[in-house]
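Subject: Structure handover and notes

Hello,

Please find the structure below. My notes on it follow; file them with the coordinates if they are of use.

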Amino acid sequence: MNKRALLGLATVIALQALWVIGTATTKEIAHANGQHILLATRPVDPRDLLRGDYLILNYDVSTIKRNRVRGAIPTDPIGKHIYVALVPSGKLHQLDFASFAPISPGNGRVVVRGTVDERFRWVRSGDALEKEKRDLSVVYGLERYYVPEGRGNPKGELTVEISVTSGGEPLIRELFVEEKPFADTKP
């Protein structure tokens, strides 16, 4: 191998290493500096034999009624970003309103950015199938939480502490079962 090829290979490896380090650093900064809030959740599907044990979490704010959206709703909202304003309600945060236009946080309000998912029902209208205008399904990137093997079906009330960056990106910090950290619960 000549020096030029070796230098090219070293450059590629260094760029890949920097990308991995940069991604991890970005997430750690978000965890450290983001605003921390609690959301109520429920497990949906606790196991996958191919990927290991994890929980698929379904949040109360994963379904948004159309009348809770301020401003216009796109004709086809699937795949579009939606901004969800959450306000404190006791220990938890709950939906205040949502918008397809960016929302500013303030007055105790935390704004989380999600994406409208394609969980719509199809209905027959005349001779064509069309999407029923119903509640919006929103994904936040918080829907999967990996757990140690054999621990995929916790019993009790689940809450999730998340960090929210200034840009509205949410990250899971901790899963709680009956207000105790998941790691401290018995299988």
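In which strand is the place of Ser 99? Ser 99 sits in strand 7. Before the rest, the conventions. This is a predicted model, in which local features need pLDDT of at least 70 and side-chain atom pairs count only at pLDDT 80 or more, while totals for chains, interfaces and linings use all residues. Residues are numbered from 1 along each chain as its sequence is written, and side-chain values use heavy atoms, with hydrogens and water left out. Helices (H or I, at least four residues) and strands (E, at least two) are DSSP runs, numbered from the N terminus.

Ser 99 is buried, with a relative accessible area of 9%. Here buried means under 20% relative accessible area, exposed means over 50%, and partly exposed is in between (1.4 Å probe, protein chains only). A polar atom of the Ser 99 side chain lies 3.0 Å from the backbone nitrogen of Ala 101. That is within the limit for a polar contact (a pair of N or O atoms within 3.5 Å; within protein, one must be able to donate a hydrogen and the other to accept it, and residues adjacent in sequence count only if both atoms are side-chain atoms).

The largest nonpolar core has 31 residues. Such a core is a set of buried Ala, Val, Leu, Ile, Met, Phe, Trp, Tyr and Cys residues joined through side-chain atoms within 4.5 Å. The members that touch the most others are Leu 57, Tyr 59, Ile 64, Ile 82, Val 84 and Tyr 140. At least two residues each are supplied by strand 1 (35-43), strand 3 (52-59), strand 6 (81-89), strand 7 (92-99), strand 8 (110-116), strand 11 (136-139), strand 13 (158-164) and strand 14 (170-177). Strand 13 gives the largest share, four residues.

Val 111 belongs to strand 8 and counts as buried at 9% relative accessibility.

Helix 1

Helix 1 covers residues 3-33. Its 31 residues should span 45 Å at 1.5 Å a residue, and the end C-alpha atoms are 44 Å apart, which agrees. The expected span is 1.5 Å times one less than the number of residues. At the start of helix 1, a side-chain oxygen of Asn 2 comes within 3.2 Å of the backbone nitrogen of Arg 4.

Salt bridges

How many salt bridges does the structure hold? There are three, each being a side-chain nitrogen of Lys or Arg within 4 Å of a carboxyl oxygen of Asp or Glu.

- Lys 65 and Asp 135 meet at 3.6 Å, N to O. The pair links distant parts of the chain, 70 residues apart: Lys 65 is in the loop between strand 4 (63-64) and strand 5 (69-70), Asp 135 in the loop between strand 10 (128-131) and strand 11. Lys 65 is partly exposed at 47%, and Asp 135 is partly exposed at 25%.
- Lys 91 and Glu 179 meet at 3.2 Å, N to O. They are 88 residues apart, with Lys 91 in the loop between strand 6 and strand 7 and Glu 179 in the loop between strand 14 and strand 15. Both are exposed.
- Glu 161 and Arg 173 have their closest N and O atoms 3.8 Å apart. Glu 161 lies in strand 13 and Arg 173 in strand 14, so the pair ties together parts twelve residues apart in sequence.

Backbone angles

Most residues other than glycine have a negative phi. Asn 107, in the loop between strand 7 and strand 8, has a positive phi of about 55 degrees and counts as exposed at 86% relative accessibility. Glu 178 has a positive phi of about 50 degrees; it is found in the loop between strand 14 and strand 15 (180-181) and is partly exposed at 45%.

Regards
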